[in-house]
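Let's take a walk through a protein model together. Keep the sequence and the 3D view side by side, and look for each residue as it comes up.

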Amino acid sequence: MPVFTSHTKASPRSQMPIELQVRTHSTTHRGRQVVWRELGSGPPLVLLHGGHGSWLHWARNIEALAARFTVLLPDMPGYGDSDAPAEPTLASLVGLLQATLDQVLGVTTPIGLVGFSFGGLVAATLAAQRGRIQRMALLGPGGHGGPRRPAGALVSWRAAKESGDDEALAQVMRHNLGLHMLHAPASIDTQALRIHTDACLSTRFYSKAISHAGGLAAALKLYPGPLLLSWGEHDVTAVPDQAALALRKGRADCTTHIVPGGGHWVQYERAAAVNEMLLEWLCR
């Protein structure tokens with residue numbers, strides 16, 4: 001495996017925020033930068049965040065997984081600190097992501113791969129193109145093409161942002177988190193609100209139409225390896241039992257799991273259960 005070079009030194013694991021513990025890699029392909037974070041040691045494990053997200057979608061999972069793996073987390077192209085892809089398409093995003101991943105790890109390095117929401121569709125597409133994926137887990141993946149069960153209408157946060165009213169912006173973000181991302185009101189804490197707000201404000205790649213168009217099943221047909229499909233019990237972006245049945249059809253090595261009590265952002269809301277599930281499955 002190539003030796004990584006990083007722009008900041010790793011901090012020892014402690015009570016410091018996860019942002020201060022990771023090492024940062026700034027990679028460039030054809031003039032466009034993609035920023036990767038890294039923590040831990042062991043076999044490489046890539047975590048892909050969701051739409052209107054950032055690497056901090058995994059804030060409550062990184063340290064647990066880094067105990068067994070070298071965890072690598074991009075801000076995907078068009079999100080967070082990374083430049084947008086050349087075109088507003090899935091193919092352009094995945095191409096840039098793959099090129100920079102191969103800079104960090106090398107073209108031939110096998111990886112484990114976990115994707116959340118839109119990142120699940122990205123992960124499946126990346127797996128189909130790159131190969132050398134040892135195991136793949138998708139949490140609440142986009143692109144499944146099946147029914148959804150929205151809890152209500154999301155509110156646009158752009159008017160609140162433009163007004164400069166921070167409290168109005170926070171109220172909109174809290175409303176949207178409760179309708180779409182997190183099931184229990186108590187899960188909408190200060191950290192969740194900060195992660196979601198910062199990610200939304202920096203989003204320049206819009207995934208909704210791509211996720212709703214389907215494509216996940218077709219990508220998964222090109223990935224023959226072990227697959228874990230998981231949803232929170234209350235995920236509004238799918239009907240989990242139906243999606244699991246459709247996506248696992250015809251696969252010899254596919255595990256499905258519904259996480260009790262979880263909403264769409266299941267790895268945040270039910271972090272302990274998801275960490276245990278992922279570590280058990282990834283370490284088989």
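We start in a loop: Arg 30 sits between β1 (23-29) and β2 (32-40). Keep in mind that you're looking at a predicted model. The backbone angle phi of Arg 30 is near 50°, which is a positive value in a residue other than glycine.

You'll find His 52 in the loop between β3 and α2 (62-66). Its relative accessibility is 24%, so His 52 counts as partly exposed.

Now step onto strand β3 itself, where Leu 48 is found. Leu 48 has a relative accessible area of 0%, so it is buried. Who are its contacts? Setting aside neighbours within four places in sequence, Leu 48 is in contact with a list of residues that includes Trp 58, Met 76, Leu 97, Leu 113 and Phe 116. Gly 119, Val 122 and Ala 123 are on that list as well. Pro 74 is another contact of Leu 48. Along the sequence, Leu 48 and Pro 74 are 26 residues apart, yet their C-alpha atoms are 6.8 Å apart in space.

How many of the 13 residues of α4 are buried? The count is 11, so α4 is largely enclosed by the rest of the structure. Among the buried ones are Phe 118, Gly 119, Gly 120, Leu 121 and Arg 130. The cover over these buried residues includes β3 (44-48), α3 (90-105), β5 (111-116), β6 (133-139), α8 (208-212) and α9 (216-220).

Let's look at how α3 meets α4. Their axes come within 10 Å and cross at roughly 65°. The two helices are therefore roughly perpendicular to each other, and α3 passes α4 in a right-handed crossing. On the α3 side, the contact is made by Leu 90, Leu 93, Val 94, Leu 97, Gln 98, Leu 101 and Asp 102. On the α4 side, you'll see Phe 118, Leu 121, Val 122, Thr 125, Leu 126, Gln 129 and Arg 130. By class, this contact has 9 nonpolar, 3 polar and 2 charged residues. An α-helix has 3.6 residues a turn, so residues three or four places apart point the same way.

Our last stop is helix α7 (residues 190-202), which is where Thr 190 is found. At 69% relative accessibility, Thr 190 counts as exposed. Thr 190 and Arg 174 are 16 residues apart in sequence, and 9.8 Å apart in space from C-alpha to C-alpha. The 13 residues of α7 should span 18 Å at 1.5 Å a residue, and the end C-alpha atoms are 18 Å apart, which agrees. The buried residues of α7 are Ala 192, Leu 193, Ile 195, His 196, Thr 197, Ala 199 and Cys 200. What do they pack against? Those buried residues pack against α6 (166-181) and α11 (266-269).

Technical notes
Residues numbered from 1 in each chain as written. Predicted model: local features only at pLDDT ≥ 70, side-chain atom pairs only at ≥ 80, totals over all residues. Heavy atoms only, no water. Buried < 20%, exposed > 50% of the residue type's maximum accessible area, 1.4 Å probe, protein only. Helix = DSSP H or I, 4+ residues; strand = E, 2+ residues; numbered from the N terminus. Contact = heavy atoms within 4.5 Å. Axes fitted to C-alpha atoms, helices over the stretch in contact; angles between N-to-C directions. Parallel < 35°, antiparallel > 145°, perpendicular 65-115°, else oblique. Left-handed = near helix turned anticlockwise from the far one by under 90°. Nonpolar A, V, L, I, M, F, W, Y, C, P; charged D, E, K, R; others polar. Expected span 1.5 Å × (residues − 1).
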